[in-house]
Amino acid sequence: MLTCKRMRNLVLASAMLLGFGIALEILVQTASFGVPGSIPALLSALAAISVLLAATVLAATFLVSLLPHVARQLEECQH
């Protein structure tokens, strides 16, 4: 069941995943690693997965909040 607190936590988790993914990709693009190819490729893939997971979590939260029963519960949230 999606409560106000859980919805807020999911949105914050999505934002943190997005921030982590962007920061990691910036690190990969700007830092020079001694090992050619393997570590930057792994970190770049991790950054891409993090960004995609952030979008998935946010989209799933939005879609669940559109369900009638959940929408009625979320109307009671204090903004």
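Trainee: Why is Cys77 called buried?

Mentor: Its relative accessibility is 15%, and buried means under 20% relative accessible area, exposed over 50%, partly exposed in between (1.4 Å probe, protein chains only). So Cys77 counts as buried. Keep in mind that this is a predicted model, where local features need pLDDT of at least 70, side-chain atom pairs count only at pLDDT 80 or more, and totals for chains, interfaces and linings use all residues. Residues are numbered from 1 along each chain as its sequence is written, and side-chain values use heavy atoms, with hydrogens and water left out.

Trainee: What makes Cys4 partly exposed?

Mentor: Cys4 has a relative accessible area of 30%, so it sits in that in-between range.

Trainee: How do you know that Cys4 and Cys77 form a disulfide?

Mentor: Their sulfurs are 1.7 Å apart, and a disulfide is a pair of cysteine sulfur atoms within 2.5 Å. So the pair qualifies. A search of the whole structure turns up one disulfide.

Trainee: Why is the disulfide of Cys4 and Cys77 called left-handed?

Mentor: Because the torsion about the S-S bond is about -100°. The pair ties together distant parts of the chain, 73 residues apart: Cys4 in helix α1 (residues 4-30) and Cys77 in the segment after α3 (68-74). Helices here are DSSP runs (H or I, at least four residues; strands are E, at least two), numbered from the N terminus.
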